[in-house]
Every structure is written in structure tokens, then in C-alpha cells.
Amino acid sequence: MFTNILIAVDASDLAAKAIEEGVTLARKTGARITALTVAEPFHTFTMDPAVVEDTREEYKKHTQEQSSRTLSAVAAAAQQAGVACETVVKENEHPYQAIIDTAKSRGCDLVVMASHRRRGLDGVIHGSETLKVLNHCDIPVLVG
């Protein structure tokens, strides 16, 4: 059924649901996993407190550490389930675009991701990466 499932994760608690569903589906279908996390590029001018307080080097180190922690959760779950897993970190202003590009370039036939379910003003301000993937991706998307 599926041969390569992209599991897109961030550092949120919601990512655990996507990991669980993606790994279970991969185990049941014999698919391998491509685990992806997307880091925002460093910006000199920003209102993001994580960037304002860091130098470019500190920010890069911090995002590498966070990405490693985030992806290690997927890799550990995959290993425990006996599923092959490759981890990928992409840097992109638009996470949804990095998810779509990675899914296509890695030959993924399903994208699994969680939704923060942002609505109202929060949805307008932050947008929904999940909704953007759903609207722009021609690969099936499973939302947990």
C-alpha cells in the first residue's frame, strides 16, 4: 500500500500523535519512514524572542539541538517497531513548502502530520501549516 511515509514533526506535544500513527501505519504496511522537521532560518530583524536573544551561531546550535531531539523521538519509535527510518532537517521560511518538497524529492507516498487546529485570530496570525499542505500537496495527507 505505502512504501515511504513522511512524518512531519515539530517540537510540540501534538507531534507524538503523528509519530504514533505514522509508525503504526508504516509497520502494518511494510513502509519505511522519512522523518522531517523544519527549522525557521535565522533573521537579523525579528520579533521572535528565540532569535532576538541569539547570535546566528547560537541560533543555529539551538535549532540543531532541537531538531535532533525532535527527530530522535521518531527514530526511536521506528526502531522499536522494526521500521526503517531516515531523518531530515530542512530550513525554510514556509514549513508547508519544505514538507511538500521533501515528500516529493524523497518519493514519499503519504504525509503524516499533526494539526494545531488553529482557528479564529490565532489561525489568521499563525496560519495552519497542515491546511497549507492539504491545499497544495498532491500526495495524500493523514492528519492526526
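Within the chain, confidence is lowest in helix α5 (residues 120-126), where the mean pLDDT is 50, and highest in β1, where the mean reaches 98. The model is a predicted one, and over the chain the pLDDT averages 88, with 85% of the residues scoring at least 70.

The largest nonpolar core comprises 19 residues, of which I5, I7, V9, A26, I33, V74 and V112 touch the most other members. Two or more residues are contributed to this core by each of β1 (4-8), α1 (15-29), β2 (32-39), α3 (56-81) and β4 (110-113), and the greatest contribution is that of α1, which supplies 5 residues. When neighbours within four places in sequence are left aside, A26 is in contact with I5, A31, I33 and V83. In soluble globular proteins, nonpolar side chains tend to be buried together.

Strand β4 runs parallel to β1, to which it is joined by 4 bridges, and L6 has V111 as its bridge partner in β4. Strand β4 also pairs in the parallel sense with strand β5 (residues 141-143), in this case over 3 bridges, and the partner of V111 in β5 is V141. Both faces of β4 are covered, since L110 and V112 on one side are buried, as are V111 and M113 on the other. In a regular strand the side chains alternate between the two faces of the sheet.

The salt bridges in the model number 4. One of them is formed by the side chains of K17 and E21, with an N to O distance of 3.3 Å; both residues lie in helix α1, 4 residues apart, or about one turn of the helix. K17 counts as partly exposed because its relative accessibility is 40%, and E21, at 21%, is likewise classed as partly exposed. A further salt bridge joins E86 to R106, whose closest N and O atoms are 2.4 Å apart. This pair links distant parts of the chain, E86 being located in strand β3 (residues 85-91) and R106 in the loop between α4 (95-105) and β4, 20 residues apart. E86 is partly exposed, with a relative accessible area of 39%, and R106 is partly exposed at 29% relative accessibility. In the salt bridge between E129 and K132, the closest N and O atoms are 3.6 Å apart, and both residues belong to helix α6 (residues 129-136), in which they are 3 residues apart, about one turn of the helix. E129 is partly exposed, with a relative accessible area of 23%, and K132 is partly exposed at 28%.

Technical notes. Residues are numbered from 1 along each chain as its sequence is written. This is a predicted model: local features need pLDDT of at least 70, side-chain atom pairs count only at pLDDT 80 or more; totals for chains, interfaces and linings use all residues. Side-chain values use heavy atoms; hydrogens and water are left out. A nonpolar core is a set of buried Ala, Val, Leu, Ile, Met, Phe, Trp, Tyr and Cys residues joined through side-chain atoms within 4.5 Å. Buried means under 20% relative accessible area, exposed over 50%, partly exposed in between (1.4 Å probe, protein chains only). Contact means heavy atoms within 4.5 Å. pLDDT is the predictor's confidence in each residue, from 0 to 100. Two strands pair if DSSP finds at least two bridges between them.
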